[in-house]
Amino acid sequence: MNTSTEHDGSQPAKAAVSPTEPRLTSLAHGGGCGCKIAPGVLSELLAAMPAVQPYANLLVGTETADDAAVYKINDQQALIATTDFFMPIVDDPFDFGRIAATNALSDVYAMGGTPILALAIVGMPINVLSTRTIGEVLRGGQAVCQEAGIPVAGGHSIDSVEPIYGLVALGLAHPDQIRRNSNVRVGDRLVLTKPLGVGVFSAAFKKEQLDQQGYEAMIRSTTLLNRAGPQLASMDSVHAMTDVTGFGLLGHAHEMARAAGVSIRLHKDSVPLLDGVFELAQRGMVTGASGRNWNAYGSSVTGLPQGDLLWRSLLTDPQTSGGLLVSCSPDAVDEVLRLASQHGSTQAAVVGEVVAGAGIVDVV
């Protein structure tokens, strides 16, 4: 765990915005994946939905809260379809666009797929923000899609009270290489490919308590594509994947455990953290989404003392464009770590293992 302190005397990170326009984050009641509807509320909403009729070619639907829908086209190709959008986590419009696009493409990678194209989702207060600022958001998203080797082939826009941006992302994979969140196996090791702390950093940024070094670290993490996904999915010893986003590490680990009918043991001291996040959390720089996350699934978590609010906040911290959580056999761990590092995830680490049980996450 990295718990080094912030640099004394450093200046708070400042946003590149027009002096005549408000900060992007001031226009939104939440930001990034912290905007997600709380897991408990979402479960209630989905419970009221009519059951989906079985479709032979629908390989992945809503049944296990997986990262994307998957539809089998033929014996060699499956289409992965997802959508993701949110309000700004930063004030720089170009960075906002990059983060949102990276986050949306992550769901394709988490299923083991390769993106093929994207459509833009745009909602902006056009009487508040200039066309130049809005254009920078779009340019940021397009830059990430170019990095991923895909076009932004269209989209839809509306005049919105709060700024919203994201993508519909489509990808392809071999049907046999789809990696669901429900296929974890007892004895597997869990590898997390990015450090936690984006929600803490975003809370500090909004309160002008995040220094420039911290801001740059947050941008590096949230704009790093999870491109190792397809290579990991090609390994028979990689059994399941998901990406860690708005429900925090505990929430997405709980989804895996519940879907597979097993339990997961997390080693908190092995969890990688963004540099300085521990101290910021100690100073109360946490998001409201962290508390909502705990209220939704805390009853399925053991091992955290009632008064350990610091680790509770870190493990429920909503990650925007977070890393992959990979469930693999023990003999595959070194290769998983190597592939993650090859694609820029230098803080990837083994954070736990899958054990017998019934949907519990035990923190040790």
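Colleague: Let's start with Ser329. Buried or exposed?

Modeller: Ser329 is buried, with a relative accessible area of 15%. Buried means under 20% relative accessible area, exposed over 50%, and partly exposed in between (1.4 Å probe, protein chains only). Before we go on: this is a predicted model, where local features need pLDDT of at least 70 and side-chain atom pairs count only at pLDDT 80 or more, while totals for chains, interfaces and linings use all residues. Residues are numbered from 1 along each chain as its sequence is written, and side-chain values use heavy atoms, with hydrogens and water left out.

Colleague: Where does Ser329 lie, and what does Ser329 touch?

Modeller: Ser329 is in the loop between β11 and α11 (333–342). Helices (H or I, at least four residues) and strands (E, at least two) are DSSP runs, numbered from the N terminus. Ser329 touches Asp188, Ser237 and His239, leaving aside residues up to four places away in sequence. Contact means heavy atoms within 4.5 Å.

Colleague: Which sheet has β11 in it?

Modeller: An open sheet of seven strands, in the order β8-β11-β7-β12-β9-β13-β10, with mixed pairing. Two strands pair if DSSP finds at least two bridges between them. β8 (238–243) and β10 (301–302) are at the edges with a single partner strand each, so one side of each has no neighbour in the sheet.

Colleague: How do β7 and β11 pair?

Modeller: Strand β7 (residues 189–192) and strand β11 (residues 324–328) are antiparallel, over four bridges. Leu190 stands opposite Ser327 in β11.

Colleague: Which strands does helix α7 touch?

Modeller: Helix α7 (residues 248–260) packs on that sheet and touches β7, β8, β9 (263–266), β10, β11 and β13 (361–363). The direction of α7 makes about 150° with that of β9. Axes are lines fitted to C-alpha atoms, for helices over the stretch in contact, and angles run from 0 to 180 degrees between N-to-C directions.

Colleague: Switching topic. What is the strand order in the six-stranded sheet?

Modeller: β1-β2-β3-β6-β4-β5, an open sheet with mixed pairing. The edge strands are β1 (58–60) and β5 (152–159), each pairing on one side only. From one strand to the next, the twist averages 20°.

Colleague: And β4 with β5: parallel or antiparallel?

Modeller: Parallel, with six bridges joining strand β4 (residues 114–124) to β5. Val122 has Ser157 in β5 as its bridge partner.

Colleague: Which strands does α3 lie across?

Modeller: Helix α3 (residues 131–148) lies across β4, β5 and β6, running at about 15° to β6.

Colleague: Now helices. At what angle do α4 and α5 pack?

Modeller: Helix α4 (residues 198–206) and helix α5 (residues 212–222) pack at about 135°, with their axes 10 Å apart. They are therefore oblique to each other. Angles under 35 degrees count as roughly parallel, over 145 as roughly antiparallel, 65 to 115 as roughly perpendicular and the rest as oblique.

Colleague: Which residues of α4 make the contact?

Modeller: Val198, Phe201, Ser202 and Phe205 of α4, against α5 residues including Tyr215 and Met218.

Colleague: What about the phi of Glu208?

Modeller: Phi of Glu208 is near 55°, a positive value in a residue other than glycine. Most residues other than glycine have a negative phi. Glu208 is in the loop between α4 and α5, and counts as partly exposed at 38% relative accessibility.

Colleague: And where is Ala65?

Modeller: In the loop between β1 and β2 (69–72). Ala65 also has a positive phi, of about 50°, although it is not a glycine. Ala65 is partly exposed, with a relative accessible area of 34%.
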